[in-house]
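Biologist: I'd like to learn how to read the features of a model like this one. Could we go through it together?

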Amino acid sequence: MASVDLVDVRKAYGDHEVIHGVSISISDGQFVALVGPSGCGKSTLLRMIAGLEPITAGEIRIDSKVVNDLEPKDRDIAMVFQNYALYPHKNVADNMGFALQMRRVPKPQIAERVKRAAEILGLVPYLGRYPRQLSGGQRQRVAMGRAIVRDPKVFLFDEPLSNLDAKLRVQMRAEIKELHQRLKTTTVYVTHDQVEAMTMADKIVVLHDGVVEQIGSPLELYDRPANLFVAGFIGSPAMNMIQGIIRPGATPTFEAEDGTQLPLSGAPSNSDGRKAIYGFRPEHLTLGGPVKTEIAVIEPTGSETQVVARLAGQKIVGVFRERISARPGEMLAVAPNLSSVHLFDATSGQRLQ
Amino acid sequence: MGRTGARTGGISARYFSSRIVIYGLLILWAIICLFPIYWTFTTSFKVAVNVTQGHLIPWVDFTPDWRGWRSIGLSPDTIGETSTPREEFLKRFENSIIASLCAAALAVVIGSCAAYGLSRFNYKFGPMRNKDISFFFLSQLILPPVVLAMPFLVLYKELALLDTRIGLILIYTLTVLPIVIWIMRDQFDTIPTELEQAALVDGCSAWSAFLRIILPIALPGMVAAFILSVILCWNEYFFAALLTSTSAKTLPVMVASQTGSQGINWWSMAALSTAAILPLIVIGIFLERYIVKGLTAGSVK
């Protein structure tokens, strides 16, 4: 177990820089998710931690020791790949024991540790099988088993669940989280799925175009997104965003482009007439209120009702616990929950309050 | 119930008739393919009259005779005695075996290394990238060997490699190398790079990842490339005829030399040919599945 620190890490291919100075500090035993859309550099970053990709500038420290020039084998990390990368010519036990074998651990000890890992993962009946004889979920477990027999300083996961079907993914998600709670090994987990990141991680790093947009706990990111990108990326259905102008005063309001007035609990200082974005999450709408919307689609799911409506010439989504009997085309009066309204600057996209 | 019975009856009748047609065609094709071997084999038991009159079926058309095999000292009555032709034949056979096996082994070792590099690393050689380098290797096959005849004759003379097995092994390695590189590159391309990366993380160096993880997976392809190389070298005539004379001469040259001034010794030529194709038949029967496995891309997963 160890801490991992990235200090102003950069990666360039020729003149083309793809990672623009990323600094992350991961404390001992933490589960950190690197999340972002495809091409944001999250896998590259993980491979740089692993040592599979050289870094152009900056410093990577594992357990306070700079590992920039260390070979992957000397970094004491274990990695789980998206396609599992199981050795097809070795059976499950040999796959899991290979790293120990490379480190010249005595055979009986290898067998013992492989057996223990197999017990944790429920792989004991499959130890003699070859990867091609296993199902996707079992292969996934073998890949994790290969990582945990090592008892490394850091686990690195590179989108490990994206090759599984939806049901198995949810199940493995819980298993990985449980495994982490049991082993308490520092973990860096790359995913493009924000739900995976939210549910599993202690800390989320949102990456976009090779830049860190925000670092924080899942709920921090959800409740106080630092900018428009994080606000739009975290949460499903996504946050509603309306362009307009801030009107402070006795009763501060937000005036959308078509003149629709939206309530504000308070306006940031010096914000009179400032162009901004008014954001609120679908579940932070309550029925009955000053804001009139025109219903476009109603989707009841039983536990809740999702409403797609028009507000200020824009489609917004609302999620209500109540059942709604209105029809498309009718007006629905709603009120945004004032304490959960987010304001972002229209040009920089940064959070205003 | 009766209706489904009738229907399955119909299906099985159609199934059987289509099977009969397919197997009939396959048997016909097998006969066409195997006929030259049959013809060579039977000719080694014929005398001149049988050859010229085109007799085909032993004991019906002609009476088998050991003459062809006697001429190379391999008939039952000559096998125990000392025989110069047999010694000559065995020497040629040995030359062929050593030259083919060594050249194929050398080509597979060198070719695999080259192919692995081309598959995994990005090279820049002047304006040439990996694709161009691969094509450059393969393009060596376009050049007709005749063009190389004079330069190689001069080169080998200077290096004292004429009429030596080493010289033959070297030139054979060179001629099969492009094919080996091509096969092995395809083979390595089908292996995901994550496997090496997993091996690197697991504690391997680049070389041990190649030797312990990639090579065993690429083994069927290597066996296929090896067999193909052996066959190509075994059949090679031109350079053998050009660069060897007495001590390093190979079987194909000996077979061809049976066309003497007194006409062609069909029987001894056929006996020699039969002995020459025998190793290839053995390879074909026992190692065919490796060839198929190795040449089928994506078989390794």
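**The interface**

Modeller: Start with buried area, the accessible area (1.4 Å probe) that two parts lose on being put together, summed over both. Here chain A and chain B bury about 1700 Å² between them, and 66% of that is on carbon and sulfur atoms. This is a predicted model: local features need pLDDT of at least 70, side-chain atom pairs count only at pLDDT 80 or more, and totals for chains, interfaces and linings use all residues. Residues are numbered from 1 along each chain as its sequence is written, chains are lettered from A and ligands numbered from 1 in the order in which they are written, and side-chain values use heavy atoms, with hydrogens and water left out.

Biologist: How many residues does each chain bring to the contact?

Modeller: Contact means heavy atoms within 4.5 Å. Chain A gives 22 residues and chain B gives 18 residues.

Biologist: Which element supplies the largest share of chain A's side?

Modeller: Helices (H or I, at least four residues) and strands (E, at least two) are DSSP runs, numbered from the N terminus. Strand S6 (77–80) and helix H2 (92–102) of chain A each supply at least two residues of the side touching chain B. The largest share, four residues, comes from H2(A).

**A sheet in chain A**

Biologist: What is the strand order in the open sheet?

Modeller: Strands of a sheet pair through backbone hydrogen bonds, either parallel or antiparallel. Two strands pair if DSSP finds at least two bridges between them. This open sheet of four strands in chain A has the order S17-S16-S15-S18, with antiparallel pairing.

Biologist: Which strands stand at the edges?

Modeller: Strands S17 (314–320) and S18 (331–336) of chain A do. Each has a single partner strand, so one side of each is left without a neighbour in the sheet. Seven bridges join S17(A) to antiparallel strand S16 (residues 305–311) of chain A. A:Leu311 stands opposite A:Gln314 in S17(A).
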